[in-house]
Amino acid sequence: MAANTDDIRASVSKDIAALQQEVSRLQKMISAQGAEAYYEVRGRAGKAYDEALPRAKNAVAQIRAEGVAAADAARKHPTATTTALVLAGAIGFLAGYLLSGSPQPQPQPRHWWR
């Protein structure tokens, strides 16, 4: 019986060692795939950044030019600018006044036992 128990222990030990080797091999494989995926995604992100950078710089330059043009127009025509701002404020005030006067739904009465 002792020989049978020793055989079982040896067999289990061999199985455990084989499983440990398999787990180690799988961990290395997963690590290699993860590193490969990381570098692939990093490369794609770098390409996307390099492609987007000139467009973003162009957009910023256009926004600045539009801002300068708007500021120049406001400086050249202060009366029109003031009129436009006052008109926008009046429309906003009127919209707020009309919305505040609209009927609000009445809440359902709440009883103390609910």
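Here are my points, in numbered order, from the whole chain down to single side chains.

1. **What we are looking at.** Please keep in mind throughout that this is a predicted model. The secondary structure of the protein chain is simple to list, with two helices and zero strands. Helix α1 covers residues 2-76, and helix α2 covers residues 78-101.

2. **Overall dimensions.** The radius of gyration of the protein chain is 37 Å, whereas the globule rule gives 13 Å for 114 residues; the chain is therefore more spread out than a compact globule. Taken along the principal axes, the C-alpha atoms fill a box of roughly 105 × 65 × 10 Å. T81 belongs to helix α2 and is partly exposed, at a relative accessible area of 26%.

3. **Burial and surface.** What share of the 114 residues counts as buried? The figure is 0%. The chain exposes about 10700 Å², and carbon and sulfur atoms supply 64% of that area. The cut-off for buried is under 20% relative accessible area, so T81, with its 26%, falls in the partly exposed class.

4. **Salt bridges, an overview.** How many salt bridges does a search of the whole structure find? There are three, and I take them one by one in the next points.

5. **R25 with E22.** The side chains of R25 and E22 meet at 2.5 Å, N to O, in a salt bridge. The two residues are three apart in helix α1, so about one helical turn separates them.

6. **E40 with R44.** A salt bridge of 2.7 Å, N to O, links the side chains of E40 and R44, and a polar contact of 2.7 Å also joins these side chains. Both residues lie in helix α1, with a spacing of four residues, or about one turn of the helix. E40 is partly exposed, at 42% relative accessibility, while R44 reaches 55% and counts as exposed. The line between those two classes is drawn at 50%, which is why R44 with its 55% and E40 with its 42% get separate labels.

7. **D72 with R75.** Here the side chains meet in a salt bridge of 2.7 Å, N to O. D72 and R75 are three residues apart in helix α1, so they too are separated by about one helical turn. D72 is partly exposed, with a relative accessible area of 31%, whereas R75 is exposed at 61%.

8. **The aromatic pair.** A search of the whole structure turns up one aromatic pair. Its members are Y38 and Y39, with ring centres 5.1 Å apart and planes at 70° to each other, an edge-to-face arrangement. The label follows because planes over 60 degrees apart count as edge-to-face. Y38 is partly exposed, at 47% relative accessible area, and Y39 is exposed, at 54%.

9. **A nonpolar patch.** Which residues make up the nonpolar surface patch of about 510 Å²? They are F93, L94, Y97 and L98. Among them, Y97 sits in helix α2 and counts as exposed, at 57% relative accessibility. I would be glad to go over this patch with you in the viewer.

10. To recap, the protein chain has two helices and zero strands, and 0% of its residues count as buried. The side-chain features discussed above include three salt bridges, one aromatic pair and a nonpolar patch of about 510 Å².

Technical notes
Residues are numbered from 1 along each chain as its sequence is written. This is a predicted model: local features need pLDDT of at least 70, side-chain atom pairs count only at pLDDT 80 or more; totals for chains, interfaces and linings use all residues. Side-chain values use heavy atoms; hydrogens and water are left out. Rings of Phe, Tyr and Trp (its six-membered ring) pair if their centres lie within 6.5 Å; planes under 30 degrees apart count as stacked, over 60 as edge-to-face and the rest as tilted. Buried means under 20% relative accessible area, exposed over 50%, partly exposed in between (1.4 Å probe, protein chains only). Patches are made of residues with over 30% relative accessible area and no salt bridge: like charges are joined within 9 Å, nonpolar side chains (Val, Leu, Ile, Met, Phe, Trp, Tyr) within 5 Å. Accessible areas come from the Shrake-Rupley method with a 1.4 Å probe; for residues, only the protein chains shown count as cover. A salt bridge is a side-chain nitrogen of Lys or Arg within 4 Å of a carboxyl oxygen of Asp or Glu. The radius of gyration is taken over C-alpha atoms; the globule rule is 2.2 Å times the number of residues to the power 0.38. A polar contact is a pair of N or O atoms within 3.5 Å; within protein, one must be able to donate a hydrogen and the other to accept it, and residues adjacent in sequence count only if both atoms are side-chain atoms.
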